[in-house]
Amino acid sequence: MPATTPVAQDFVPYATAAIDFHRALNIPTGPLVASRAELDSLHEHVVSLHGLLDAHTQRTSPLLPGEGDHLKAARTRLWQAADHLHAAYHSAPRPGTGEVPALDACRARRPEGAPELTICRRHQQTAHLVRRRATPADLHSPFTGLVRH
């Protein structure tokens, strides 16, 4: 009988189920402003997904360029989503005061301090990877690039 390599546990379905469970339990129906804590958690999740897709893209692209193109496009879209979540976080009211910060506070390198600095640090670390893997045109285009069929 041939030796088989054990398959690593796939935790992605559990992560998806946890997100669905979280939404069902914690997001009431009707209008409600997303909290900064929720936006921070979503940003962390999307950045993690970006890292997972980046790993798959780096391994797949040299072997199957067509599949790699689709993975690159998905990775780019996830970065765009993370960028929007980061902006939404800084547009959301501050806890306690309800004050909405100036839109340029993060770009001007004047973050709001810890713990709010965590989302900016995570975003900047991922941005460094993104700049190595994609061109500015890739990141700002509504079309994420050539996809081979």
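"Buried" here means that a residue keeps under 20% relative accessible area, while exposed means over 50% and partly exposed means in between, using a 1.4 Å probe and protein chains only. You're looking at a predicted model, where local features need pLDDT of at least 70, side-chain atom pairs count only at pLDDT 80 or more, and totals for chains, interfaces and linings use all residues. Residues are numbered from 1 along each chain as its sequence is written, and side-chain values use heavy atoms, with hydrogens and water left out.

**Figure 1**
The protein has five helices and zero strands. Helices (H or I, at least four residues) and strands (E, at least two) are DSSP runs, numbered from the N terminus. Read from the N terminus on, the order of elements is α-α-α-α-α. Now for contacts, meaning heavy atoms within 4.5 Å. Take the contacts between residues at least 6 apart in sequence: 68% of them join residues at least 24 apart.

**Figure 1. A walk along helix α2.**
Helix α2 covers residues 36-60. (The expected span is 1.5 Å times one less than the number of residues.) Which residues of α2 are buried? They are R36, E38, L39, H43, V46, V47, H50, L53, D54, T57 and T60. The cover over these buried residues includes α1 (12-26), α3 and α4. As a handy bit of background, an α-helix has 3.6 residues a turn, so residues three or four places apart point the same way.

**Figure 2. Zooming in on T57.**
T57 sits in helix α2. With 0% relative accessibility, T57 counts as buried. What does T57 touch, leaving aside neighbours within four places in sequence? Its contacts are P62, G68, L71, K72 and R75.

**Figure 4**
Side chains of opposite charge can pair when their charged atoms come close. A salt bridge here is a side-chain nitrogen of Lys or Arg within 4 Å of a carboxyl oxygen of Asp or Glu, and by this rule there are four salt bridges. In one of them, D54 pairs with R75, with the closest N and O atoms 2.9 Å apart. D54 belongs to helix α2 and R75 to helix α3 (residues 65-91), so this pair links distant parts of the chain, 21 residues apart. Both D54 and R75 are buried. D54 also forms a salt bridge with R133, at 2.8 Å from N to O. Because D54 lies in α2 and R133 in helix α4 (residues 117-133), this second pair ties together parts that are 79 residues apart in sequence. Buried or partly exposed: where does R133 fall? R133 counts as partly exposed, at 33% relative accessibility, whereas D54 is buried at 6%.

E99 and R94 meet through their side chains in a salt bridge, 3.2 Å from N to O. E99 counts as partly exposed at 43% relative accessibility, and R94 is partly exposed too, at 26%. Salt bridges with shared partners join D54, R75 and R133 into one network.

**Figure 3. P93 in the loop.**
P93 is found in the loop between α3 and α4. At 34% relative accessibility, P93 counts as partly exposed. The C-alpha atoms of P93 and R36 are 7.5 Å apart, although these residues are separated by 57 residues along the chain. Not counting residues up to four places away in sequence, P93 touches V33, R36, G98, E99 and V100.

Two packed helices are described by the angle between their axes and the distance between the axes. Axes are lines fitted to C-alpha atoms, for helices over the stretch in contact, and angles run from 0 to 180 degrees between N-to-C directions. The axes of α2 and α3 come within 9 Å and cross at roughly 160°. That makes α2 roughly antiparallel to α3. (Under 35 degrees counts as roughly parallel, over 145 as roughly antiparallel, 65 to 115 as roughly perpendicular and the rest as oblique.) For α3 and α4, the axes come within 11 Å and cross at roughly 150°, so α3 and α4 are roughly antiparallel to each other. On the α3 side, the contact is made by R75, W79, A82, D83, H86, Y89 and H90. The α4 side brings I119, C120, H123, T126, A127, V130 and R133.
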